[in-house]
Amino acid sequence: MTKFRSSLKADIVIVGSGAAGLFCALNLPANKNIIIITKDAAENSDSYLAQGGICMMRNEEDYHCFLEDTLRAGHYKNNKKSVDIMIRSSQEIIQDLIDWGVEFEKSGNEFLFTREGAHSVPRILYHKDITGKEITSKLLNRVQSFVNIKILEYTTMLDIIPQDNICHGIVCKTNSGELLTIQTDCTVLATGGIGGLFSHSTNFSHLTGDALGIAIKHGIALENMDYIQIHPTTLYTPEPGRSFLISESVRGEGAVLLNAHKERFVNELLPRDVVSREIYKQMVLDQAPHVWLSLLPIEKNVIKHHFPNIYEHCLQKGYDVTKEAIPVVPAQHYFMGGIRVDSYSQTSMEQLYAIGETSCNGVHGANRLASNSLLETLVFAKRAAEQIKGKSKADTSLIPVLHAKDYKDHKKILMEYKKNILNEIERMEKKRELHNDEA
């Protein structure tokens with residue numbers, strides 16, 4: 001018979017060990033008992049994979065340009081208030097990261113900035129081509145040093161514990177198959193993207209949007225579920241598995257896209273969705289499963305210093321990017337929709353927050369501007385922590401009685417979530433198409 005283990009109790013539970021969850025934990029009071037659960041190993045988050053960098057408003061003169069770049073890339077479907085908060089908070093967030101030990105490329109004492117598609121000026125800080133790894137690993141190291149924060153790896157959330165539109169914690173399954181409840185005053189959903197729902201994605205396959213399925217089950221408000229970003233350039237291979245991303249910074253530094261005849265066919269610095277559509281068109285014209293990306297316009301020493309991970313990976317696959325073009329193809333990359341939240345990451349359920357890619361505060365609109373993801377994630381993770389600090393203790397007498405038998409078949413539960421998420425995405429796509437037709 002399946003039984004719950006003795007229920008754990010904590011002040012806050014955070015579901016997800018990516019940059020969002022870790023940064024939120026680090027901004028919570030040290031006297032709070034915090035549990036972080038993660039579906040896989042703690043470092044296996046999409047935040048860890050981010051290559052390009054993180055945006056920062058360089059000065060006050062850059063504000064309006066940064067704002068316009070973000071709105072234009074998002075097809076003006078963005079929540080302007082959220083965008084303003086993100087941009088205005090960027091310098092503070094970068095300083096926080098530096099204080100936590102994160103290193104960005106410099107020339108002397110001055111930061112080096114790079115530029116990516118749809119940015120009018122260079123405003124992206126970076127660490128080689130492994131910025132996500134640099135940020136996330138440093139945050140993880142800090143979190144692991146705090147005695148008040150416990151990380152449970154290979155632990156999968158199956159449900160939340162709601163009562164009268166208040167969240168009292170979560171139900172989860174451990175790696176050994178045991179069922180566990182964690183009762184909390186506040187719950188933070190930071191479960192990442194939905195790449196595991198797609199056959200071609202740059203995401204880890206275990207990121208299947210479980211929090212979204214749970215939100216659908218309990219009537220928690222969602223937003224823009226059909227806003228899914230395709231990254232234009234991943235290394236083409238007929239082999240199955242996660243697609244290897246070729247950072248947009250490569251094109252920002254001068255790499256060009258070529259057709260089957262090795263002719264340039266698009267402005268590489270257009271927004272991602274535009275470039276992706278042009279690549280798909282060219283693939284049809286060429287009757288080919290990919291196009292080509294040439295890094296030859298970039299100096300060899302720049303490639304090896306700025307993009308060492310890309311250089312080495314391509315070399316392992318048989319391509320020397322300093323001598324030849326590489327085959328690339330678009331793949332699912334980022335989710336701009338998610339659980340609807342306010343400017344402090346509060347969901348429509350009390351005591352429940354959502355941050356990072358699983359949330360939707362409207363910053364990205366219909367298409368994310370390159371390298372805004374890490375910034376948006378950290379800004380609103382910190383704002384969630386700020387609001388949680390002021391929350392009072394939850395009334396534990398309201399916690400409902402749970403039955404372990406309802407969660408015995410965890411695979412069936414997760415498959416149901418996947419089905420409901422895909423159905424909701426399809427429903428929103430049709431609704432938007434109908435609205436556009438009527439307009």
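Predicted model: local features only at pLDDT ≥ 70, side-chain atom pairs only at ≥ 80, totals over all residues.
Student: Hi! Let's start with helix 3 and helix 4. At what angle do their axes cross?

Tutor: Hello! The axes of helix 3 (residues 63–73) and helix 4 (residues 80–99) cross at roughly 135 degrees and come within 10 Å. That angle makes helix 3 oblique to helix 4.

Student: Is that crossing left-handed or right-handed?

Tutor: The crossing of helix 3 and helix 4 is right-handed.

Student: And which residues make the contact?

Tutor: From helix 3 you have Tyr63, Phe66, Leu67, Thr70 and Leu71, and helix 4 brings Lys80, Val83, Asp84, Met86, Ile87 and Arg88. Sorted by type, the residues of this contact of helix 3 with helix 4 are seven nonpolar, one polar and three charged.

Student: Staying with helix 3, which of its residues are buried?

Tutor: Tyr63, Phe66, Leu67, Asp69, Thr70, Leu71 and Ala73 of helix 3 are buried.

Student: What covers them?

Tutor: The cover over the buried residues of helix 3 includes strand 4 (54–55), helix 4 and helix 11 (373–389).

Student: What is the phi of His75, which follows helix 3?

Tutor: His75 has a positive phi, near 55 degrees.

Student: You mentioned helix 11. How does it pack with helix 4?

Tutor: Helix 4 and helix 11 pack at about 90 degrees, and their axes are 8 Å apart. With that angle, helix 4 is roughly perpendicular to helix 11.

Student: Which residues meet there?

Tutor: On the helix 4 side they are Ser82, Ile85, Met86, Ser89, Ser90, Glu92, Ile93, Asp96 and Leu97, and on the helix 11 side Leu375, Glu376, Leu378, Val379, Phe380, Lys382 and Arg383. This contact of helix 4 with helix 11 divides into eight nonpolar, three polar and five charged residues.

Student: Let me pick Ser82 out of that list. Is Ser82 buried or exposed?

Tutor: Ser82 has a relative accessible area of 3%, and the cut-off for buried is under 20%, so Ser82 counts as buried. Its place is in helix 4.

Student: What does Ser82 touch, apart from its neighbours in sequence?

Tutor: Once you set aside neighbours within four places in sequence, Ser82 is in contact with Asn361, Val363 and Phe380.

Student: OK, one more helix pair. How do helix 1 and helix 5 pack?

Tutor: Helix 1 (residues 19–26) packs with helix 5 at an angle of about 40 degrees, and their axes are 9 Å apart. So helix 1 is oblique to helix 5. The crossing is left-handed.

Student: What meets what?

Tutor: Ala19, Leu22, Phe23 and Leu26 of helix 1 meet Thr136, Leu139, Leu140, Arg142 and Val143 of helix 5.

Student: Changing topic: how many aromatic pairs does the structure hold?

Tutor: It holds two. In one of them, the ring centres of Trp100 and Phe146 are 6.4 Å apart and the planes stand at 65 degrees, so this pair is edge-to-face.

Student: Where do Trp100 and Phe146 lie?

Tutor: Trp100 lies in the loop between helix 4 and strand 5 (106–107), while Phe146 lies in the loop between helix 5 (131–144) and strand 8 (149–152). The pair therefore ties together parts that are 46 residues apart in sequence. Phe146 is partly exposed, at a relative accessible area of 28%.

Student: What about Phe104 and Phe111?

Tutor: Their ring centres are 6.3 Å apart and their planes are at 75 degrees, so Phe104 and Phe111 are edge-to-face. Phe104 is buried at 8% relative accessible area, whereas Phe111 is partly exposed at 25%.

Student: Next up, Leu8. Where is it found?

Tutor: Leu8 is found in strand 1 (residues 8–9). Leu8 is partly exposed, with 22% relative accessibility.

Student: Which residues does Leu8 touch?

Tutor: Leaving out residues up to four places away in sequence, Leu8 touches Ile35, Leu152, Leu180, Thr181, Ile182 and Gln183. Thr181 is 173 residues from Leu8 along the chain, yet their C-alpha atoms are separated by 6.2 Å.

Student: Last one: where does Gln346 lie?

Tutor: Gln346 lies in the loop between strand 18 (338–340) and strand 19 (352–354). Gln346 counts as buried, at 9% relative accessibility. Beyond neighbours within four places in sequence, its contacts are Arg340, Val341, Gln351, Leu352, Tyr353, Gln387 and Lys391.

Methods. Residues numbered from 1 in each chain as written. Heavy atoms only, no water. Helix = DSSP H or I, 4+ residues; strand = E, 2+ residues; numbered from the N terminus. Buried < 20%, exposed > 50% of the residue type's maximum accessible area, 1.4 Å probe, protein only. Contact = heavy atoms within 4.5 Å. Axes fitted to C-alpha atoms, helices over the stretch in contact; angles between N-to-C directions. Parallel < 35°, antiparallel > 145°, perpendicular 65-115°, else oblique. Left-handed = near helix turned anticlockwise from the far one by under 90°. Nonpolar A, V, L, I, M, F, W, Y, C, P; charged D, E, K, R; others polar. Phe/Tyr/Trp six-rings, centres within 6.5 Å; stacked < 30°, edge-to-face > 60°.
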